[in-house]
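Hi everyone, thanks for coming. Let's have a look at this one together.

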Amino acid sequence: MNFDFDYKERKEILNTVLDKVEHFYANTKDYNTTPELNVQEIRNLVETPNLVSGNNPKNAIEHIINGLENYSVHTPHPNYFGLFNPRANFAGIIADFITASYNPQLAAWSHAPFAVEVEAHVIREFIEKFGFDKNNADGVFTTGGAEANLTAVLCALNNKYPDFAKNGVFGLDKKPIIFCSQEAHHSVQKAAKIVGLGYDFVKTIPTNKDLKIDTQLLENEIINLNTSTHSPLMVIGTAGTTGTGTIDDLESISKICKTHNIWFHVDAAYGGAAVLSSKLKHNLNGISVSDSITFDAHKWMSVPMGTSIFLTSTSEILNKTFRITTEYMPKEASELEIIEPFSHSIQWSRRFIGLKVYLSLLFYGWNGYEKTINHQANIGEYLRRKLIENNWIIKNNTELPVICFTDEQLESDLNFTKTILDNILARGKSWLSVYPIKNIPTFRACITNYNTTKTEIDELIEELNKEREAYQQ
Ligand SMILES: *Cc1c(COP(=O)(O)O)cnc(C)c1O
C-alpha cells in the first residue's frame, strides 16, 4: 500500500476534487439550503463503503461529496440567513489545503518558526485594530470562540489568584462569580463547568429594552454580593449577541469593572469584525480598555471553521496561565527571546490556524475586508427597509446585519413564526431561524454571506409575504 499514491494518481484525485468542489463553489445558489433529515438513510450511506479493504479513491471522493451535498444545511449559500456561519472565502480554503500539506507543528517555535511568526504578526495586527497597547498586549489563535472564552475565564482566575495554577479551585477562599447578560453565549456556562466552578457561578443579568446588559442591575449585583463568601471574578460584555446582534455598552461596563477592580472580558466573537469598518467601529467603543477579547475569524471574516483569536491587554497572563516545563520539549525559547506556543495556549500540538487569516489578508487586504463588511451591513439595511415597506416590524436595534422581525398583528399567535419557518425550510430556497425576544418569537435573519445581494433579500421578502398571506387565510 502506497499511502502517498504516485504523481499520476494524485493528479487524478486532485482533479476529481477540484471539479466537484468547483461545481459547488460556483453554483452554490442552485442547491437546496436545507437537507432532508432521515437519520437511517444518512447512517446507511455512511456505513456502506468497505473500510477493511479500502476503496477506489475516486469513488471515495464521490461518496463524500454526495454525502455533504445532500445532507448539509448549505451555510455557504447566498440565501442562508442563518447563524454566524459564513461562506468560506477562497483564500481560507487554499490556506487549509496548504496547512494540511505541510502540516507544520506549532507547539514549539523551533519546529515551525515561519508559521509561529505569521500567527504572532497577525495577532499584533489585531492588537492594534482593537486599540490595545502594542507593547503590553498578547494573544493566541484558538479553535473557536468557546476556547477563547474558556481561555478568558482561566486568565481571569490566574490573574486574581496567583496560586490558581497550583491549587486550582481548592485554593480559593471565596466563590468567584462570573457576570454576563442573559443574552450572552452559553459557552460562558460551559467554560465555568470546564474550569471546575460550575454554571451556578455564572450570574446572568437581565437586559434593558435595547437588549443590552442592564448596567445598573449589573452594578447592583456586584455591590450586593455577599463578600464574606463570594467574590466577583469577571464581567463578560457581549459585542454582537448570537440572538440579536446587540452590542453591550462596553464603556459603562469597563467603568464598573475599573471601580470594582474586576477583569473585563469582551466576547466579540461575531461583532468584533466591526473594528475593520470605519463606519461600524464606533459600536465597539470601550473595547480598547478591556482586559481581554474573543474574536472569531471564522464568523464575519469568512475563513473556514476552527479560527478564533484570544487577545489580552495583560501581557504576562497567558504565560502565567499555561506555562509548563517538560524535559522533552525544545528549549530554544529562553535563548532566542521567543514565545513557545504550547506554554501559551490550551492546545499543545497545534495546527497552523492563523494562515487562513494571513492568506486572506494577503489576497484581499484590510481594505477588501472593510468593503465586504460594509457591503454586508448595507444589505442588512436594505433588508430592514424592505421589511418595513412590507409591514413587518423589527424587534432588535443594532447596526450589525442581524435583523429580528415579526408581524405586529400575528406576533402573539405562537404558531405563526413556527408554521412559516417550517414551510420556508421545507421548500429549501432560504434558511433563517426563529429567536425569542422578551418572550415574543421573531424571525432572525443575518447577512452572514459576502455574496448575498439585494436579489436574495427580495426573494426572502417575497417568500415571507406569500407565507404570511397563506397563513392569514
Ligand atoms: C459563536 C459565538 C461563540 C462561540 O464561538 P465558537 O466559535 O462557535 O466556539 C461565543 N460567543 C458568541 C457571542 C458567539 O456568537
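So, I293 has L311 in β7 as its bridge partner. Strands and helices here are DSSP runs numbered from the N terminus, E with at least two residues for strands, H or I with at least four for helices. That bridge sits in a predicted model, where local features need pLDDT of at least 70, side-chain atom pairs count only at pLDDT 80 or more, and totals for chains, interfaces and linings use all residues. Residues are numbered from 1 along each chain as its sequence is written, and side-chain values use heavy atoms, with hydrogens and water left out.

Back to the strands: β6, residues 292-296, pairs with β7, residues 308-312, in the antiparallel sense over five bridges. Pairing takes at least two bridges found by DSSP.

Zooming out, seven strands make an open, mixed sheet, ordered β1-β7-β6-β5-β4-β2-β3. At the edges are β1 (138-142) and β3 (202-205), each pairing on one side only.

Helix α6, residues 145-160, lies across β1, β2, β4, β5, β6 and β7, at about 145 degrees to β4. Angles like that run from 0 to 180 degrees between N-to-C directions, with axes fitted to C-alpha atoms, for helices over the stretch in contact.

Now, where is K299? It's in the loop between β6 and β7. An unreviewed UniProt entry annotates K299 as "modified residue: N6-(pyridoxal phosphate)lysine"; such annotations may be inferred rather than shown by experiment. Is K299 buried or exposed? K299 counts as buried because its relative accessibility is 16%, and the cut-off is under 20% (1.4 Å probe, protein chains only; exposed is over 50%, partly exposed in between). Leaving out residues up to four places away in sequence, K299 touches F84, P86, A269 and Y270, where contact means heavy atoms within 4.5 Å.
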